Amino acid sequence: MLELEHIYKAFAGKQVLTDVSLAIPTGATCALIGSSGSGKTTLLRITLRLIGLDRGAVRLDDRPLADFGHEAWADRIGYVPQDGGLFPHLTGQQNVTLVARLRRWHPQQIAARIAQLQELVALDTAVLQRFPHELSGGQIQRVAIMRAAMMDPAVMLLDEPMAALDPLIRSALQQELKAIFARLGKTVMIVTHDLAEAAFLAERITLLHDGRVLQTGSYPDLLLRPADPFVTSFIKAQRTLPPAADLQ
Amino acid sequence: MRAWLCAAIALGALFCVPVDAADRIVVGSKIFTEGYVLGELAAQSIEASKPGVPVVRKLGMGSTGILFQSLNTGAIDVYADYTGTLAEAILKQPQLRSVAEIRAALLKMGIVISEPLGFDNTYALAVPEEFAQREGLHTISDLARLHSSLRAGFSYEFMDRQDGYPGLTERYRLGLDPAHVNRMEHSLTYQAIDQGAVDVIDVYSTDAKIKKFKLRVLDDNLGYFPTYQAVWVARAGFVSQYPAQWRALRQWQGRINATTMQDLNAQADIDKRSIAQVVAGFRGSTVRSQTLAGQIGRRTLEHLWLVGVSLAFSIFIGIPLGILAVRHRRTGQVILTVSAITQTIPSLALLCFLIPVFGVGTKPALAALCLYSLLPVVLNTFTGIRGIDPRHLENARAFGLTPGQILRRIVLPLASPSLLTGIRTATIVSIGTATLAALVGAGGYGVPIVSGLSLNDVPTILTGAIPAALMAWAAHAAFDLLGRFIIPAGLQRSP
């Protein structure tokens, strides 16, 4: 279980996060949603341990963040950056295995793990030998997911996984992503500004606004029982939403 | 990191070798035919003296300033100069005319001069014989009639010396049009006057080219130019340490008259005989001459050594400096500014500054080349790293890479195209600049270029210029090839 408790963070006197709490049970998928400037990227960076926090706590399976070494924490959180974030000078496979090689995994162990993950995301070996600029958007996302899952992390953290894809691919990959999450059985946190995507992939949605959690709940909860007038206006501002009738 | 440290220490050690190496005599010379001839004469005379002492020739080192500094630091032991030059350029007392006065003044500076060798090589003005006849020119005063239309080609040294052009115009009331007074490299003024581009040039009175180019030397009817009697100029330490060798040099006192000197100059300049052979013929001995291929081979090695060492320096120092400049903004600004300023110092001036520190020979040349090749490497490392998408660096941290792993696995590979460009630029700049190393006696392809330039001998220039151009071209091709191995395949997108 990943827990973020009462987190406060300010940059140069400006409060960015105020009393943010979020808990994702093991195996659950949660979406963190908000418009730009809502503080979701800051929360993501705190979870990745890229920046510190002013007050509050981050815990993984009841162990505080400080208990983990830098590398140990990185290996527990599998991160899929926006647009995949593959290193352009490495092939797909080199991207996937970079950390494992630095941790001096045995080549056989690496090969076995690659085979497992390839099956999971349905990617050909030939595709893995290509460089990022030779891959399609969907292939990049799959390689990035393989890379994030390589060290068998407890939590998968995805930053705007679909943002750069065109709508048709996006819809196909969303289906697939959902299946991958189900097979992986991992705790998943998706950071997105797209409510439709959040509603499709995650069972729980946390809406962040001005550095505060406005509401955490399922999509029907947000739609039918908004905790704040902003929740309703945020939902209305989204262009493609399933009609309310479909949900009842 | 350890490799860098070792390289830095090795380079430091290279520069720290004491300048005054053991038993050997270093002979310098000025950078024109007569300088070479007298330098070679000194070298051969010392070699023939007993007891034998090895002689190192640093001939064609440049102007009086460089030679005198080298003498002061003990980088050279002896060279030939002229009394007028010593009084004007070194002592800054142009009123001193007699050898005895000049000797007394120099002795206070730890410098000893011999008695005059026997000829006076003074400045003079020369015009084409034909032009002189047409205009009825015999004396410098006669020029005053033509001054507004007269076109002059004067050497840099002549233009800047108090006893040169400035004083001359005052004494003779010459009102030359400044637009018609061209400052030129001395050896090129002869070509200029031969092709009719200028009407009057400054010459040395023993210059063989006066005859070759059919020039008339104008009479200094107001007695303006001081006398320039050739003398040996030596460190006092050398004179006391090597009395027999000093005697060997002084045997020439009063024995070389102007006609002899003009003849020796003509053999080198016009007959294109090697300086060593001209001098040996004069001394009545013979020399072994080296084949052209052998010479080029030796100079290639010297040149490669100069370029290689300075390149190693720029890589092992320049890349870390570039990385440092990215990490610490303020330090970075200082590093970039200093290396950019270094780049703007003219190479001859830089060599001159470095002689008091490193003496003459390979060390000042290497130091100058290192400084020049630093900027392209530092700058390209800096811009290469700054150009990396910062998200890659943050992602690498999120994946748990340590700062060292990020540098080796992410930063350097991503910056490698820019780094390689910097190193390539540094190499090509080095190959070109290293030709100037000959001016401080460091050898390389510059030797035939510098001596060919001062002898106005194009084939000799080409024996240095062509191999240098080929080396630059080869370096260019080598870097293209190297790029395929060093730059990660993922970054080598075909256009």
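Trainee: Which residues of helix α20 in chain B are buried?

Mentor: In α20(B), residues 390-398, the buried ones are Asn395(B), Ala396(B) and Ala398(B). Buried means 20 or more other C-beta atoms within 10 Å of the residue's own, exposed means 12 or fewer, and partly exposed is in between, with C-beta atoms placed from the backbone. Helices (H or I, at least four residues) and strands (E, at least two) are DSSP runs, numbered from the N terminus. Seen down the axis of α20(B), those buried residues fall within an arc of 155°, so they line one face of the helix. That arc is taken over the directions from the helix axis to the C-beta atoms.

Trainee: And what covers them?

Mentor: The cover includes α2 (70-76) and β6 (77-80) of chain A, together with α21 (403-433) of chain B. After α20(B) comes Gly400(B), which has a positive phi, near 90°.

Trainee: Before I go on, where does the model come from, and how is it numbered?

Mentor: This is a predicted model: local features need pLDDT of at least 70, side-chain atom pairs count only at pLDDT 80 or more, and totals for chains, interfaces and linings use all residues. Residues are numbered from 1 along each chain as its sequence is written, while chains are lettered from A and ligands numbered from 1 in the order in which they are written.

Trainee: OK, back to the contact. How many residues does each chain put in?

Mentor: Chain B puts in 19 and chain A 20, where a contact means two C-beta atoms, placed from the backbone, within 7 Å. On the side of chain B that touches chain A, α20 and α21 of chain B each supply at least two residues. α20(B) gives the most there, with six residues.

Trainee: What's that side made of, by class?

Mentor: On chain B's side there are nine nonpolar, five polar and five charged residues. Ala, Val, Leu, Ile, Met, Phe, Trp, Tyr, Cys and Pro count as nonpolar, Asp, Glu, Lys and Arg as charged, and the others, Gly among them, as polar.

Trainee: You mentioned β6 in chain A. Which strand does β6(A) pair with?

Mentor: β6(A) pairs with β7(A), residues 155-159, in the parallel sense over four bridges; pairing takes at least two DSSP bridges between the strands. Ile77(A) stands opposite Val155(A) in β7(A). Both faces of β6(A) are covered, with Ile77(A) and Tyr79(A) buried on one side and Gly78(A) and Val80(A) buried on the other.

Trainee: What about β3(A), how many of its residues are buried?

Mentor: Five of five, over residues 29-33. Five bridges join β3(A) to β8(A), residues 187-192, running parallel, and Leu32(A) stands opposite Val191(A). β3(A) also pairs in the parallel sense with β9(A), residues 204-209, over four bridges, with Ile33(A) opposite Leu207(A).

Trainee: Switching topic: how confident is the predictor in chain B?

Mentor: Mean pLDDT for chain B is 85, and 93% of its residues reach 70 or more; pLDDT is the predictor's confidence in each residue, from 0 to 100. Over residues 13-21 of chain B the pLDDT is below 50, and beyond near neighbours in sequence that stretch has nine contacts in the model. Where pLDDT is low, the predicted coordinates should not be read in detail.

Trainee: And for the complex, what are ipTM and pTM?

Mentor: The predictor gives an ipTM of 0.90 and a pTM of 0.67.
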